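Thanks for coming. I will go through one model this morning, and I will keep to what can be computed from the atoms.

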Amino acid sequence: MAKLYLNKFIYYGETSASPEDMNAVIEHVNAVMNEGFALQNGFFEIFEPEVTEADTEIVFRVKYGADARMWSTLHYNQTTPDNTGGGWNGFSTLAEFYDLFEGDPQINTPGSGQEERRGAVPLSGDEPGTNIGHGFLINQQYAMDGSKLTDRAGNPLVFTKQLPGLIGNNERNGIRVLKYHPSDGAYPNNLIVFRYADAHLMKAEAVMRGGNANQSALELVNQLRTIRDASPLSSLSEQDLLDERGRELYIEFCRRQDQIRFGTFNSSWELKDNTEEFRVLFPIPSVALTSNPNLAQNPGY
């Protein structure tokens with residue numbers, strides 16, 4: 001309900017949210033909090049397969065394997081004991097997004113000054129049965145014994161920060177991203193749908209958009225950043241809040257909706273020159289159009 005009220009002004013085609021709707025967001029987030037949910041320390045522990053009684057973060061999960069989210073991003077030669085075939089060498093993220101995280105943008109090894117949510121690339125033997133890191137995997141990747149991993153042709157497996165383009169990339173181009181970790185098993189039954197940090201940031205956004213709460217939006221965001229071992233912000237703009245949602249909720253299927261709500265979905269970014277305005281709506285499937293004469297296709301499709 002909180003998420004529906006937060007997006008209501010977009011669904012109705014309005015330019016701004018009403019204070020009444022934002023107060024409804026706050027009311028529903030508080031109701032979730034009153035059920036015992038809260039922010040918790042240990043960012044990547046949230047995505048482990050076993051949920052303990054002490055967990056306060058996961059609001060709703062499904063018993064479904066997260067293997068596709070793990071292996072689709074890793075290199076062919078990044079293996080674990082239960083998957084000696086390695087990853088599928090698929091998805092990577094943009095340098096522009098990676099640079100939003102606190103820390104030296106040129107390195108991501110343990111202790112290099114990065115915030116917790118950016119993760120790290122272990123140099124040797126830091127993970128049980130595998131030496132694959134958490135978070136953003138960039139630069140040289142290492143085996144359990146500390147030796148340098150290679151690609152299939154024998155080149156050092158160095159994930160590059162930049163992508164040459166949308167096409168023409170080799171198997172080492174691009175920063176890889178990992179929240180669910182293969183050391184926890186190939187099919188962890190803990191696929192998160194909603195978690196409290198999302199609700200917490202929705203409350204901060206509702207305050208920014210005119211709702212009333214006992215904390216400011218900046219205080220709420222800094223409460224989360226402190227738990228995540230990131231420096232407090234001194235001020236908070238809409239872009240800052242969108243960036244914070246990105247840092248907390250990356251690869252959790254929130255980004256498109258967030259960008260539409262913040263008015264940035266049609267903006268340009270790395271490797272994307274522009275987007276037609278009509279693409280804030282999906283096309284209606286042809287089977288729906290043919291089965292229901294009352295429907296009309298959305299403009300532009």
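Met1 counts as exposed, because its relative accessibility is 56%; exposed means over 50% relative accessible area, buried under 20%, and partly exposed in between, with a 1.4 Å probe and protein chains only. Met1 is found in the segment before helix H1. Helices here are DSSP runs of H or I with at least four residues, strands are runs of E with at least two, and both are numbered from the N terminus.

A word on the source: this is a predicted model, where local features need pLDDT of at least 70 and side-chain atom pairs count only at pLDDT 80 or more, while totals for chains, interfaces and linings use all residues. Residues are numbered from 1 along each chain as its sequence is written, and side-chain values use heavy atoms, with hydrogens and water left out.

Back to Met1. Together with Leu4, Tyr11 and Tyr12, Met1 forms a nonpolar surface patch with about 510 Å² of accessible area. The areas come from the Shrake-Rupley method with a 1.4 Å probe.

Next, helix H2, residues 19–34. Its 16 residues should span 22 Å at 1.5 Å a residue, and the end C-alpha atoms are 22 Å apart, which agrees; the expected span is 1.5 Å times one less than the number of residues. Which residues of H2 are buried? They are Asp21, Met22, Ala24, Val25, Ile26 and Val29. Their cover includes helix H1 (2–11) and helix H5 (196–208), counting heavy atoms within 4.5 Å as contact. Just after H2, Gly36 has a positive phi of about 105°.

Now the sheet. Three strands make an open sheet in the order S2-S3-S6, with antiparallel pairing. S2 (119–120) and S6 (176–178) are at the edges with a single partner strand each, so one side of each has no neighbour in the sheet. Pairing requires at least two DSSP bridges; S3 (residues 134–137) and S6 have three. Phe136 stands opposite Val177 in S6.

Last, two backbone angles. Most residues other than glycine have a negative phi. Asp229, in the loop between H6 (217–227) and H7 (238–249), has a positive phi near 60°. Phe253, in the loop between H7 and H8 (255–262), has a positive phi of about 65°. Asp229 is exposed at 57% relative accessible area, and Phe253 is exposed at 73%.

Key. Patch = residues over 30% accessible without salt bridge, like charges linked within 9 Å, V, L, I, M, F, W, Y side chains within 5 Å. Salt bridge = Lys/Arg side-chain N within 4 Å of Asp/Glu carboxyl O.
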